[in-house]
Each structure stands twice: as C-alpha cells, then as structure tokens.
Amino acid sequence: MQLEQTTLESSAPRTSGHLHRALRARHLSMIAIGGAIGTGLFVASGSSISTAGPGGALAAYLIIGIMVYFLMTSLGEMATFLPEAGSFETYATRYVDPAFGFALGWNYWYTWATTLAAELAAGAIVMKYWFPHSPSILWSAIFLCLLLLLNVGSVKGYGEGEFWFAGIKVVTILAFLVVGILMIFGVLSGKPVGFGNFTLGGTPFHGGAMSLFSTFLVAGFAFQGTEVVGLAAGESENPAKNVPRAIRQVFWRILIFYVLAIFVIAMLIPYTDPNLLNSGVNNVSVSPFTLVFQRAGFAFAAAVMNAIILTAVLSAGNSAVYASTRMLWALAREGKAPRALGKVNSRGVPVNALLVNIAFAFVSFLLSLVGHQQVYTWMMNAAGLTGFIAWLGIAISHYRFRRAYVMQGYDLHDLAYRAKWYPFGPIFSLVLCLVVILGQDLSGFVGGHINWLGVVATYVSIPLFVIVWLGYKLVKKTKIVPLNECDFTKRSQL
C-alpha cells in the first residue's frame, strides 16, 4: 500500500503565512550535537565523577546516551515521514490522543521557556568572573537582545548561531581530548598516569546504587536538547535526507564527546578531589576541563573555559528561544493556543510567539533577582523533569506510530528512515524515562525527614501535566486514537 506523498523537500520560501525550509544539513547536524553538549559536560561531569566514581559516571552517561540514541531514532522515523515544527505535539495528537498532544505541547513549551530564563541567570553568573561588580540584569538583557536578533531575522539566524556555538564546543572538546590523552601517556605530564586514579579505592564505582541513580538524573539533563532537531526538521531544506544524517551522527558523537571525555577526566583527576564536587557555573575555575588544562600548563585555562561555558549557555538559550517559539506557534495553529501566536511574517518567523517567549523569559528573570544561583537551580530542576516527560511522549508516540503504520497496511520500506531495534528502542526509552521521572528526588525521602519544599519543586511538573491532559480531555471529550484510525496524511505546507 502506498502513501500519497507531497513534496516537502523544496527549499523555495513559502508564502508569508508559513515557515520557510531554510535549514541546511550542516545546521541540523550541529543542532543535534549542540543540544547534547553544554554545561552538563563542561561543569556537571565533575560532580558526577565525585558522586559515583569514574565507573559510575561512565555507566550513567553511557546508559542515558543509549536511551537518547533510541529516542532520536524514534523521532527520526516520525520526523522524516512528517516533518513538523510542532513535531511532539503533532505526533502525540495523531498517534496517541489529542489531549495527550495538548499536554505534551504545553509541557515542552514550559521546558524551554523556563530554560531560557534560567540560562539568562546563568549567563549573568558567568560574566561575574570578569566583571564581579556589574549588575546581573545588564548582562541578561544584553544576552536576551542577542538571542532575539538571532531568531527574529529568519530561521537561518538560529541555524547559523547554533552552528557556530556548537562548533566552538566541539573544537574545545577535541582539544581537551588531545591534551588529556597526551597527559595520560606522559607526553605532557612527564610520566604515564596509569589507572591509579580510575581504580582508586580498589574499584571505579563508589557511593552505591543511590549515587549511581542520582548521576542518571545529571546525565539525563545533560543530554536534553538533542530532540530539538525534531522541531528543526520542519524547517529543513530536505528533511528526508538531512534528518537521518543528523540522527546517525548522534550516537558516535555522544560516545566520543561524553564517554571519552569523562574517561580522560577520571584518569587524570581522582574522584576524591574536592574541586570536582565544587564545580559549577559560578565557579568555573574548578571545572574538570579547567583543571586538566591547568595541569597541562595552560595558565589562562579558567578564562578560556569561562568564555566557552558562556557559548554553551548562549547556545542553550538560542535553542530555548527557537524551540519554545516553534512549539507555541504549532499550538496556536492547532487551535490550542491564541490564534494570534500562529501568525508568521514574510521571513517565515512566528514573531508574535517569539515576542511572548522573550517577554516571559525576561519577567521570569526579573523575579529571580533576589538570588540567581537558587533560582537557576530551581528552574533547572523543573525544566529537567519536563524534559523527561517530553522524551516519554516521543517514545509512546513512536511505539504507536509504527504499530498503526503496519496495521493500516503501509509498507515499512516506504519510510525514508526506519528506527532500528523496534520495539525494543521505544520500550527501553519509555521504561527508563519513567524510572528517572519517578525517582527524580528519592534523596528527599531518605533519612526519615522529608524535604517537602524540594520534593514539591521537583515533582510539581507531574501533577500539572496530568491536570492539563485530563482537563483538555474532559472539556474536548477526546479519546485515545484507535490504531486503525491514526492519521498518516501529509501536509503540503507548514
């Protein structure tokens, strides 16, 4: 059975009421990897090694990395079949339940809207390294204006910004790996390091099961952002070709950039080093990358790493502006948000949705002026959990997409890209996402005293998601879409 297909690969601009397909293959590739490389690697990897030991950190990042790879292949199969700027909401609506799509869309918007506000706070903290007495609001306003300029012109502005931001991060990691490997073999350090630090204490694993599980949470947050390529597919010149290419590169880049980088850190710095636990956005001088570069003899390592971490923050902010704007636009187009937010200008930019997100982020940031670090931590915790909910939605949507596709008699060979290891991939991702979501703050229940404030801050996204889902379901009287009624028609325009 053949699908009636509409040509979606044309790079010619659409009419003024539609998004433009202007993102090239190099943009998508860097968007995919750029979303996975950020402060989670440059900063949080140190605390992960300190908490669970080198073996525990490697295991956590590798397992979560495999889950992310499966999620990306699931997303790739759906995104090449139906490239949509509101992909998660669209797929959940078509293949699960319109109410589930509604909740998932707003959940994902909230993920990036809060992330944008938090990255503004993080950017202000980073700038304190050079200008300790400057007002935080000044830097956050400057960064917000920069992100607005990158996104208001055309989708190419976002693509180019992410290409160069991600490029700087990739070059940094490659330089770090070269320097680290030379130190391990004694070329720079004078003598080979050996496995003494890696097996310190007789084992590379430390802290027990709870420490390993807490590292899962850190690793999960570090990888969030890779799924943005699913949204970007809707504005790709040739999604059937470019999206699979970007997806295929994810696994190997995760393996090289995360696993090898953590291995190098663990070989060179003992997990007992107090600097690893103290590393953070506001203390870049003890970032594990900074420590390695300093031990290699690079005197200005802290200043350089601070600049690189700033690019990581701006990259995350750039993705936050793009993702939240496209999701809000998609919700408006489906009648699930005010219609005015669905308007697109002649350059293919949803300006109304963009301005709403910029305003939301700035107001949120103004509320955070009472204490940047505390607000940054709270916002990251909230955004991290909603990100896992989005991943859960991708796994569920793909599982039902493939079942419905086969049940309705379509040929799998007609798919431009097929996810490997189905159904294991989406099932594995679904189960692991559930485990991480429910165990997000188990430490708050340990020791006989429950930290209710921390527990509520962490888990509040779950009841909110359920309330939005069931509320829409009751009002609109939606039902789970039967597999034989899932919609596989393609839109001719965005």
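Helices in this predicted model are DSSP runs of H or I with at least four residues, numbered from the N terminus.

View A. The patch is formed by V178, I181, L182, F185, V187, L188, I256 and L260, which together have about 690 Å² of accessible area. Two or more of its residues come from each of α7 (155-184) and α10 (239-268). I181 lies in helix α7 and is partly exposed, because its relative accessibility is 34%.

**View B. Salt bridge between E77 and R402.** The closest N and O atoms of this pair are 2.7 Å apart. E77 belongs to helix α3 (residues 44-81) and R402 to helix α15 (residues 372-407), so distant parts of the chain, 325 residues apart, are linked. E77 is buried at 0% relative accessibility, and R402 is buried at 8%.

**View C. Salt bridge between K336 and E89.** The N to O distance is 2.6 Å. K336 sits in the loop between α13 (301-333) and α14 (351-367), whereas E89 is in helix α4 (residues 87-95), 247 residues apart. K336 is buried, with a relative accessible area of 9%, and E89 is buried at 1% relative accessibility.

**View D. Salt bridge between D487 and R94.** Here the closest N and O atoms are 3.9 Å apart. D487 lies in the segment after α18 (461-476) and R94 in helix α4, so the pair ties together parts 393 residues apart in sequence. D487 is partly exposed, with a relative accessible area of 31%, whereas R94 is buried at 9% relative accessibility.

Note on methods. Residues numbered from 1 in each chain as written. Predicted model: local features only at pLDDT ≥ 70, side-chain atom pairs only at ≥ 80, totals over all residues. Heavy atoms only, no water. Patch = residues over 30% accessible without salt bridge, like charges linked within 9 Å, V, L, I, M, F, W, Y side chains within 5 Å. Areas by Shrake-Rupley, 256 points an atom, 1.4 Å probe, with all protein chains shown as cover. Salt bridge = Lys/Arg side-chain N within 4 Å of Asp/Glu carboxyl O. Buried < 20%, exposed > 50% of the residue type's maximum accessible area, 1.4 Å probe, protein only.
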